[in-house]
Amino acid sequence: MRVVLYTRPGCHLCDEARKVLVAEQKHHPFELEEVDVQDDEALERAYGIRIPVVEIDGEERFEYEVDPGELTRIVRGA
């Protein structure tokens, strides 16, 4: 499973999302990649003010916050 966190520096919501993802990753390993949207003009347009956005296996699953229970359900394949 591949999880991408679209983020930017100084984003407190991104920090919270990262904490939830890393905590879940300890129980159910998955690949986690962070992408700074400021580094790419197209990503900045696509995600701009919606960050953090979490994509799981190519599908956007969370925006602004990550629900820990829902994340667990997704990574367990339930």
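Start by selecting helices H1 and H3 in this predicted model: the two helices cross in a right-handed way. Turn the view until you can look along the contact. H1 and H3 pack at an angle of about 40°, and their axes are 10 Å apart. That angle makes H1 oblique to H3.

Now show the side chains at this crossing. From H1, pick Val20, Leu21 and Glu24; they meet Pro68, Leu71, Thr72 and Val75 in H3. Which classes of residue does the contact of H1 with H3 have? Sorted by class, there are 5 nonpolar, 1 polar and 1 charged residues.

Next, hide the helices and select the strands. As background, strands of a sheet pair through backbone hydrogen bonds, either parallel or antiparallel.

You can find both kinds of pairing here. Select E1 and E2 first: these strands run parallel and are joined by 6 bridges. Look for Val3, which stands opposite Leu32 in E2. Then move to strand E3 (residues 53-56), which pairs with E4 in the antiparallel sense over 4 bridges. In this pair, Glu55 stands opposite Glu60 in E4.

**Helices on the sheet**

**Inside strand E1**

Zoom in on E1. Is this strand mostly covered or mostly open? E1 is mostly covered, with 5 of its 6 residues buried. Thr7 counts as buried because its relative accessible area is 6%, and buried means under 20%. What does Thr7 touch, leaving aside residues up to four places away in sequence? Its contacts are Cys14, Arg18, Glu34, Val35, Asp36, Val37 and Ile51.

**Backbone stops**

The peptide bond from Ile51 to Pro52 is cis, and its omega is near 0°. Pro52 lies in the loop between helix H2 (41-47) and E3. For background, most peptide bonds are trans, and most residues other than glycine have a negative phi.

With that in mind, select Asp57, in the loop between E3 and E4. Phi of Asp57 is near 50°, a positive value in a residue other than glycine. Is Asp57 buried or exposed? Asp57 counts as exposed because its relative accessibility is 52%, and exposed means over 50%.

Finish at Tyr64, which sits in the loop between E4 and H3. Tyr64 is a residue other than glycine with a positive phi, near 75°. At 37% relative accessibility, Tyr64 counts as partly exposed.

Terms used. Residues numbered from 1 in each chain as written. Predicted model: local features only at pLDDT ≥ 70, side-chain atom pairs only at ≥ 80, totals over all residues. Heavy atoms only, no water. Pairing = 2+ DSSP bridges. Axes fitted to C-alpha atoms, helices over the stretch in contact; angles between N-to-C directions. Parallel < 35°, antiparallel > 145°, perpendicular 65-115°, else oblique. Left-handed = near helix turned anticlockwise from the far one by under 90°. Contact = heavy atoms within 4.5 Å. Nonpolar A, V, L, I, M, F, W, Y, C, P; charged D, E, K, R; others polar. Buried < 20%, exposed > 50% of the residue type's maximum accessible area, 1.4 Å probe, protein only.
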